Amino acid sequence: MTDALQLGESFIGEGANAAHINSVYGPRTGPAGTAWATALATPSPGHVPFVAVLRPSLPVKPLTLFVTKAAPANDEHGNHIWGPAQAGVAAGVADAVAEGTLPQDAVDDSVVITAVWVNPGADDADAVYRNNREATRTALRNGSQGLPRTEEVLDARSAPRNPFYTAPAD
């Protein structure tokens with residue numbers, strides 16, 4: 001296992017069912033482990049980190065902390081966070097281990113933190129699941145490869161855009 005802290009990001013999907021994941025991966029004995037334990041022990045109103053599970057009493061490995069970026073707006077939004085988004089994150093971490101992005105021999109010595117955006121307007125649980133699974137897998141892969149490349153960042157600086165805003169051309 002590398003001792004390097006790996007940071008990743010991925011946005012998958014469109015509209016209210018899209019997923020945006022920020023990921024942190026690293027050794028339990030390093031800054032990732034400290035951040036993981038601190039976040040779990042210091043919830044704030046509407047933002048209660050929890051361990052992502054593949055099913056009840058079966059947490060994914062490496063142990064993954066799910067941190068929501070948006071407080072539950074209503075029961076349906078909360079269900080999308082705790083249900084399909086959590087399942088997608090857990091499956092995405094397991095996918096990253098299965099494909100070798102995260103080393104299988106290090107799953108007991110490392111942790112993952114995911115910061116997860118679930119739109120309060122999400123209305124398709126299966127799309128929320130699929131998008132969070134793919135966004136998690138991709139964020140972890142991007143972190144392991146040090147993506148994006150600096151050249152890509154510099155090339156995009158004159159025309160920043162995201163699903164909520166497009167900057168005017170320079």
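**Close-up views of a predicted model**

View 1. Let's start with Asn17, which counts as buried because its relative accessibility is 12%, and the cut-off for buried is under 20%. This is a predicted model, so keep that in mind for every view. Asn17 sits in the loop between strand 1 and strand 2. Who does it touch? Setting aside neighbours within four places in sequence, Asn17 is in contact with Ala122, Asp123, Asp124, Ala127, Val128 and Asn131. With one of these there is a polar contact: the side chains of Asn17 and Asp123 are joined by one of 2.9 Å. Look for Arg130 as well: its C-alpha atom is 9.4 Å from that of Asn17, though 113 residues separate the two along the chain.

**View 2. The hairpin of strand 1 and strand 2.** Strand 1 (residues 6–12) and strand 2 (residues 19–27) run antiparallel, and seven bridges join them. At one spot you'll find Ile12 facing Ala19, which belongs to strand 2. Six residues lie between the strands of this hairpin, and in it Gly13 has a positive phi near 100°.

**View 3. The largest nonpolar core.** Here's where a lot of greasy side chains meet. In soluble globular proteins, nonpolar side chains tend to be buried together. The largest nonpolar core in this model has 25 residues, and Phe66, Leu102 and Leu140 have the most contacts inside it. At least two residues of this core come from each of strand 2, helix 2 (75–98), strand 7 (110–117) and helix 3 (125–144). Helix 2 gives the most, with seven residues. Zoom in on Phe66: not counting residues up to four places away in sequence, Phe66 touches Val48, Pro49, Phe50, Ile81, Ala85, Gln86, Val89, Thr114 and Val116. Another core, of five residues, lies apart from the largest one, and its members include Ala32, Trp36, Val111 and Ile113.

View 4. Which residues of helix 1 (residues 31–41) are buried? They are Ala32, Gly33 and Trp36. These three cover an arc of only 100° around the axis, so they lie on the same side of helix 1. What do the buried residues of helix 1 pack against? Their partners are strand 2, strand 3 (50–51), strand 6 (63–68) and strand 7.

View 5. Most residues other than glycine have a negative phi, and most peptide bonds are trans. The bond joining Lys61 and Pro62 is cis, with omega about 0°. You can find Pro62 in the loop between strand 5 (58–59) and strand 6. A cis peptide bond also runs from Leu147 to Pro148, this time with omega near 5°. Pro148 belongs to the loop between helix 3 and helix 4 (150–156). Then there's Ser57, which isn't a glycine but has a positive phi, near 70°. Ser57 lies in the loop between strand 4 (53–55) and strand 5. Is Ser57 buried or exposed? Ser57 counts as exposed because its relative accessibility is 76%, and exposed means over 50%.

Methods:
Residues are numbered from 1 along each chain as its sequence is written. This is a predicted model: local features need pLDDT of at least 70, side-chain atom pairs count only at pLDDT 80 or more; totals for chains, interfaces and linings use all residues. Side-chain values use heavy atoms; hydrogens and water are left out. Two strands pair if DSSP finds at least two bridges between them. Helices (H or I, at least four residues) and strands (E, at least two) are DSSP runs, numbered from the N terminus. A nonpolar core is a set of buried Ala, Val, Leu, Ile, Met, Phe, Trp, Tyr and Cys residues joined through side-chain atoms within 4.5 Å. Buried means under 20% relative accessible area, exposed over 50%, partly exposed in between (1.4 Å probe, protein chains only). Contact means heavy atoms within 4.5 Å. A polar contact is a pair of N or O atoms within 3.5 Å; within protein, one must be able to donate a hydrogen and the other to accept it, and residues adjacent in sequence count only if both atoms are side-chain atoms. The arc is that of the directions from the helix axis to the C-beta atoms.
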